[in-house]
Protein chains: 4
Amino acid sequence: MMIVMKEGATEDQIAHVVDRVESIGCTAHISKGELLTLIGAIGGRDKEQTVSGLGLEAEPGVDHVVPISKPYKLASREFRKGEDSVLEIGGRKVGGTNFALIAGPCTVENRDQMLASADAVAEAGATMLRGGAYKPRTSPYSFQGLGREGLRLLAESRERTGLPIVTELLDLRDLDDVLEVADVIQVGARNMQNYALLGEIGKSGRPVLLKRGLSATVEELLMASEYVLKEGNENVMLCERGIRTYETAYRFTLDLLAIPALKEMTHLPVIVDPSHAPGRRDWVESMSLAAAAAGADGIIIEVHNEPEKAICDAAQQVPTSEFAGLTAKLEAVAGVVGKTISRV
Amino acid sequence: MMIVMKEGATEDQIAHVVDRVESIGCTAHISKGELLTLIGAIGGRDKEQTVSGLGLEAEPGVDHVVPISKPYKLASREFRKGEDSVLEIGGRKVGGTNFALIAGPCTVENRDQMLASADAVAEAGATMLRGGAYKPRTSPYSFQGLGREGLRLLAESRERTGLPIVTELLDLRDLDDVLEVADVIQVGARNMQNYALLGEIGKSGRPVLLKRGLSATVEELLMASEYVLKEGNENVMLCERGIRTYETAYRFTLDLLAIPALKEMTHLPVIVDPSHAPGRRDWVESMSLAAAAAGADGIIIEVHNEPEKAICDAAQQVPTSEFAGLTAKLEAVAGVVGKTISRV
Amino acid sequence: MMIVMKEGATEDQIAHVVDRVESIGCTAHISKGELLTLIGAIGGRDKEQTVSGLGLEAEPGVDHVVPISKPYKLASREFRKGEDSVLEIGGRKVGGTNFALIAGPCTVENRDQMLASADAVAEAGATMLRGGAYKPRTSPYSFQGLGREGLRLLAESRERTGLPIVTELLDLRDLDDVLEVADVIQVGARNMQNYALLGEIGKSGRPVLLKRGLSATVEELLMASEYVLKEGNENVMLCERGIRTYETAYRFTLDLLAIPALKEMTHLPVIVDPSHAPGRRDWVESMSLAAAAAGADGIIIEVHNEPEKAICDAAQQVPTSEFAGLTAKLEAVAGVVGKTISRV
Amino acid sequence: MMIVMKEGATEDQIAHVVDRVESIGCTAHISKGELLTLIGAIGGRDKEQTVSGLGLEAEPGVDHVVPISKPYKLASREFRKGEDSVLEIGGRKVGGTNFALIAGPCTVENRDQMLASADAVAEAGATMLRGGAYKPRTSPYSFQGLGREGLRLLAESRERTGLPIVTELLDLRDLDDVLEVADVIQVGARNMQNYALLGEIGKSGRPVLLKRGLSATVEELLMASEYVLKEGNENVMLCERGIRTYETAYRFTLDLLAIPALKEMTHLPVIVDPSHAPGRRDWVESMSLAAAAAGADGIIIEVHNEPEKAICDAAQQVPTSEFAGLTAKLEAVAGVVGKTISRV
């Protein structure tokens, strides 16, 4: 923590800040410049957390306070000495030089739709199958998912195709049901800071796909992953899915610069959801390819056998008939940056 | 729902959209302009919800789709025929011409701190007492609140001062404990779209203070309140607490324009949290007065007997010694816009 | 400037950064903590500007770089030793305990409209009269203002009412014409970083009302004012007019927290435009009162004798018939925070 | 324009809106739904512009107003019947299946730096050469560019390499000097809505690279291009360079979704600046490749022979030694989406 004093701060004000910093066991380094005095509060990550709780911003003579050390620990690249985490899920690798292609319908709607979509996704050579049994909906009057029946159809799809299943958990009370089916538990953007949920998923040890909140910084995404990691669950994938900005020409602004930034900050794999930000299927391919070119470790994309009939997010689901073509292009682009689509 | 066709959309494309709109029981009104054709899909709020699920944005010839009717219902001002909801909580009124002054420390830390703060808040004539027993923290390594012991101290504070208690619920598993003490359950910004939590609080019937999410629109805030209202719980207060923008000179941008906007959209009371957006106590008074001047139905403000020693958000808590002075100014400003601080 | 080295940065990397810092005449203070090494580059504001140009962020072993000293100088509160600037414009004071009430139509449309509006504004006791002769319009096909004829009508309005005139300059080529009429030159949000314009206005010495850009930080607003101040023109008023956020329920998000923040950062007066953010007249009063309560040094508000017939921004202009009532409330709120409406 | 009436709007209120719509020559189409009445104001783009000026949002009984037709005309894809514009600049094509690789230093600093950079860029097979003689700087105390001397060095670089020159114009008074050298005039983000500048560049007929403002919507970018196009200058390239969001881990958020969106809205070529958003050279390659994968018509990238010594934006300039490697990868990715780097 660095405390920047105001121009003209008095010796007493400086001494008072030094006292408070030292009162919690930190060392205070004072640097006097021509205009400003800086006080470095040094003492390891945990003590710095404590300094940040002192409210020094409000002390007389203090201009502002700058955090110096990173607030995340287990997620940091340094924690793994610069190496990438490579997860293994149902025999498929995620991370490193592997590109995970996760595809499937937004929502499990019925047996025909789910199995037809699953078959097509498997046929095109995807890495895992996605599908939602519980859906977070802005409106309480919208379709909320098939629930357990949806989970059952996902289990059937896995048996049929061999693909690991990625599905979302919304409510802790459904944890056991979801654990019976999910190879990867998805935590949606709205729940990125639902700490009760993160903690329990952490304890379960099951792999997690953690989506970035609508207006979360990449640092906050890493802090959220820390809630899972600190329970001993190292199987975390991060997911960029678009952030909220002022632009109204699309639903969200897909923040692909988060990919190289996160790859530098953390050892965890970084996945991109190219479907929700555009909100329309004709822009999904270009965002999928761009994610691969930017160095993502995979994408999670919505694919449906008959998008026009889809119950939810109909406009953005790519028809299964176009999915194999997209896969071929993805493979080519991923190749340029040294990655291969992950398969058994 | 209004479907705007592209310039040059063909008759077949128009007919196909009309078919899909009519397939779910809506009426399609066609307006042909010089450049564009518009198709209005009309049939009540519920059918419009269904139209929006059709994904017509992705149909050939469609340019974009504009929602027309409001997606919220029970929260809308029309639902109460233009009248304000006036809640009654422990004998205090919230809404209408009443200004609710809710004050107290960020976190319950210990008995001395809590009771001293409570006494001062009561003395200055506040409407209710706030205090957190469970704290949502970005870092898993930060203090997470006293939990049940905190609730016990809140109960003691209520007994002592007579003030109703506002406290936050984070985890459904703590609902029963919180219901024993809270006169108002606070739902924090991170949980605005935690639908499981909202539903259960709705069923409990207990009054709720629902904070706007960090990047939620005012419409989404109303949609979230709908999850509570539809369970038959009409005791909902909305709370503006600052939104996330690009500005880094303060923690959040307090969006006071949301006050007149919400007052027009909904019958529910609108409260403002003037503490979290500034993040520093010397800017809290001006935001409190501005909220009152803008027509808010109250504020929820952090006040502490010894802010310098506070465990959490130390910089932004107003010392109890300054609270009476602030209250006097608030009373004067609220008076200009026709409101009086709500007391028994 | 503070350079934060990565965990595990080598001695060589540290020495290289120190060399570069010293190469431009700064002193390097090294603080070694348990995890991190910090290098403070100290040497006055100008040298720090130079350090920031070194691109040290990209040096091996550097994690990030934190600016420490403020990049603005003449605008800073310290520059005036903590005192407020009080401008004097046509005998009216702006700043300190004075509240400037600047009112008038969006655009000068014709003689009847302009004079009727001016008369009503003067009658209600405003401080200055506003009106646009040159209008910045998003569309090249929209009405662009009356130009010189508009300036002439403003001159006539001043003669008639005695009120100083505030009007916008868009194009340097109109500077001389505008200087003939304007007591205050308005620089609109789109031109906040039009440095050619700012420099010439600076040289003219004429008072300036400088609007914050749509997505400018408060620090950038101060940097822009510095372009005027450094030419020796001290007559600068800053103006908050709403920033762009994701919220679509109103045109802009009025950032009233900028008021106390700016009042701490700078000695310059801070004015608020309560008209453009709401974009509708029924929300303008509450934003005007909120601005006064938050400690603004004035407002610049759109008032029109027949808003329904206005050529531009018709929805947001307050009818002159309601302006006296608004003025009375403003006076009451400003009084609570120790300000009086500025008149001759 | 579609006017949405409030629930419960009276017949008189509806009739009044119809009157106002018809008063300017539009036709009013009324659609009555169960809850709401819609009034479509139809009459071609120009009349719709006029309707939007009526301020109907503020009329009694009106809920809100929805623009229907696009406010831009010459830039719209429909205007060219769906065909892409392909510009020709010094023998190089921009648009269609051509990928323009524009590279060079941020600022022209001196003869050695400029010529060395130019040679390397030419050697690697770039399409055009960039370099700034006039620099827009947030601080008036920063280096503002070499001015005419910079232009002279650009002219020499062109002569030497044969590459067309892209350089920025900031101040109308420098227009003639810039016209002597620039094959493409760059308009920076800060000047996207400097209409005086746009109009004069439009009249000059010279090709323009128009950068998106820091918080401009893609629609506003098209409206700005319209100021150039309406003067008869069809040689406009649009440029995405990162928008301002709440994220602080990088300078700007590069909005690559704008590429497919713009390609659908307009016939104009879309270029991406991958340098300014990251602000650090190690993230520039991934953004360059992502831009190509997303379908951009080119990139404008900062390349410097000795970035460590650069005066301005040192951290983000790619060393010329790495540029050929980047070009090879770009070529591969562009190939996947059907584009070839544009050369003579």
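What we have here is a predicted model, in which local features need pLDDT of at least 70 and side-chain atom pairs count only at pLDDT 80 or more, while totals for chains, interfaces and linings use all residues. Residues are numbered from 1 along each chain as its sequence is written, and chains are lettered from A and ligands numbered from 1 in the order in which they are written.

Let me start with chain A, which has 10 helices and 16 strands, where helices (H or I, at least four residues) and strands (E, at least two) are DSSP runs numbered from the N terminus. Its C-alpha trace spans about 75 × 45 × 40 Å along the principal axes.

Now to strand 12 of chain D, residues 236–240: 5 of its 5 residues are buried, so this strand is largely enclosed by the rest of the structure. Buried means that 20 or more other C-beta atoms, placed from the backbone, lie within 10 Å of the residue's own.

Which strands run parallel to strand 12 of chain D? Strand 11 of chain D, residues 208–211, is joined to strand 12 by 4 bridges and runs parallel to it, with Lys211(D) standing opposite Cys239(D). Strand 13 of chain D, residues 270–272, is also parallel and is joined to strand 12 by 3 bridges, and there Val272(D) is the bridge partner of Glu240(D).

Terms used. Buried ≥ 20, exposed ≤ 12 C-beta atoms within 10 Å, placed from the backbone. Pairing = 2+ DSSP bridges.
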